[in-house]
Amino acid sequence: MIFPQSRGVIWNPSVRNHVVLPDPTINPKDAYISVLGFGVDAGRTHHKVVRFVYCRNAAGIFTTRVEIFSLKTWSWRRLIGGVDLTLGAYPSLLRQVLLNGVVHWLIEEKPIGDNSFRRSYILAFDVGDEVFGEVMLPEWEAGGSGFAKLSIFLINESLGVVKSTGESCDVWVMKEYCVRESWTKLYTIRLFEKIENVVAFLNSGEALLALENSRLVVYDSETKHTKDLGIYGTPSSLYMYNYVESLLLLRGRTY
C-alpha cells in the first residue's frame with residue numbers, strides 16, 4: 001500500500017547531498033494517496049517533480065489531482081486538467097522511465113471482478129510542456145497480455161516493455177517513438193529457475209534478473225547464459241532507478 005506523504009527529497013548520490021522540497025499545495029483533509037515522479041525537459045535545463053494525489057473532491061467523488069514542482073522557481077503549481085487515474089493504477093506509478101524529456105509510467109488498471117477488463121497503457125508526461133498523453137503498448141500475439149506482469153524499462157535508449165509470466169519474459173522495444181507498429185520483440189528469456197523480477201537493463205543490453213532463490217544475476221541474450229553477481233535480496237528490494245544527472249527522487253523517506 002502507498003501511504004500519504006507530506007514532503008519529498010531530491011538526492012544527488014554523486015556528491016552525497018540532498019534538498020528537502022517545500023510542503024505541497026494539495027493536502028486533503030480526508031485520507032488520500034500520493035506518488036511522486038521526477039524528470040527534466042528535453043533541453044536538460046528544467047527539472048520538475050510531478051505529484052499525483054488520489055482524493056475525494058467536493059462532490060464526494062474520488063479523483064486524481066496533479067501538481068508540479070519546479071526546481072527553477074522553487075515552487076509548487078497545480079496542474080489544471082491533470083489526468084484521470086483510478087486507485088488500482090497507483091502502484092504502477094512507482095516505476096518510471098525518462099526518455100527525451102518525457103516521463104513514462106506503465107499503467108495497469110486492476111480488474112474489479114473475474115470478468116472485468118484490465119486496461120494497460122503507457123502514461124506519458126512531457127516535462128517541458130506539462131502535458132499528459134498515452135503511448136500504445138505492443139499488439140500482443142495470440143492470447144494478448146493475459147494476466148502476465150508488465151514492466152516498463154529504458155532499453156538501449158529506447159522505450160521498452162517486458163511481459164513476464166514467471167517461466168519466461170518477452171522483451172519488447174519501441175524502435176520509433178510513439179509509433180505503435182515499431183514495437184519489436186527482441187527476445188524471450190527462459191531459465192530453469194523461476195524469474196521473480198526483471199530489475200533493469202544495462203547499457204550493454206544485458207538484463208539484471210532477480211531469481212526465485214533471491215539471487216541477482218546478469219543475463220546475456222546472445223549466449224543465453226547468466227552470471228551470478230553474489231547479491232541477494234527479496235524481489236521487491238532489488239530495484240534500479242531510471243534517473244537523470246545523478247538525481248534520484250525519494251518519496252519522503254528517512255535513511
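1. A residue is called buried when its relative accessible area is under 20%, exposed when that area is over 50%, and partly exposed in between, as found with a 1.4 Å probe and protein chains only. Trp183 has a relative accessibility of 7% and therefore counts as buried.

2. Some notes on the basis of these values come first. The model is predicted, so to speak of a local feature a pLDDT of at least 70 is needed, side-chain atom pairs count only at pLDDT 80 or more, and totals for chains, interfaces and linings use all residues. Residues are numbered from 1 along each chain as its sequence is written, and side-chain values use heavy atoms, with hydrogens and water left out.

3. Trp183 lies in strand S14, where strands (E, at least two residues) and helices (H or I, at least four residues) are DSSP runs numbered from the N terminus. Leaving aside residues up to four places away in sequence, Trp183 touches a set of residues that includes Ile122, Leu137, Pro138, Leu159, Val161 and Trp172, a contact being heavy atoms within 4.5 Å. Trp172 is eleven residues from Trp183 in sequence, and their C-alpha atoms are 6.5 Å apart in space. Met136 is also among the residues touched, and the backbone oxygen of Met136 lies 2.8 Å from a polar atom of the Trp183 side chain. This is a polar contact, that is, a pair of N or O atoms within 3.5 Å, of which, within protein, one must be able to donate a hydrogen and the other to accept it, while residues adjacent in sequence count only if both atoms are side-chain atoms.

4. Which strands make up the open sheet of four? Their order is S15-S16-S17-S18, and the pairing is antiparallel, where two strands pair if DSSP finds at least two bridges between them. Strand S15 (195-201) and strand S18 (225-232) stand at the edges with a single partner strand each, so one side of each has no neighbour in the sheet. From one strand to the next the twist averages 30 degrees, with axes taken as lines fitted to C-alpha atoms (for helices, over the stretch in contact) and angles running from 0 to 180 degrees between N-to-C directions. Strand S17, residues 215-220, is joined to S18 by six bridges, and the two run antiparallel; Leu216 has Ile231 in S18 as its bridge partner.

5. How many salt bridges does the model contain? The count comes to five, a salt bridge being a side-chain nitrogen of Lys or Arg within 4 Å of a carboxyl oxygen of Asp or Glu. One of them joins the side chains of Glu130 and Lys48, at 2.9 Å from N to O. Glu130 sits in the loop between strand S9 (120-126) and strand S10 (131-135), whereas Lys48 belongs to strand S4 (residues 47-56), so that the pair links distant parts of the chain, 82 residues apart. Glu130 is buried at 16% relative accessible area, and Lys48 is buried at 8%.

6. Arg51 forms a salt bridge with Glu67, and their closest N and O atoms are 2.6 Å apart. Arg51 is in strand S4 and Glu67 in strand S5 (residues 62-70), 16 residues apart. Arg51 is buried, with a relative accessible area of 1%, and Glu67 is buried, with 0%.

7. Glu193 and Arg215 form a salt bridge whose closest N and O atoms are 2.4 Å apart. Glu193 is partly exposed at 29% relative accessible area, whereas Arg215 is buried at 14%.
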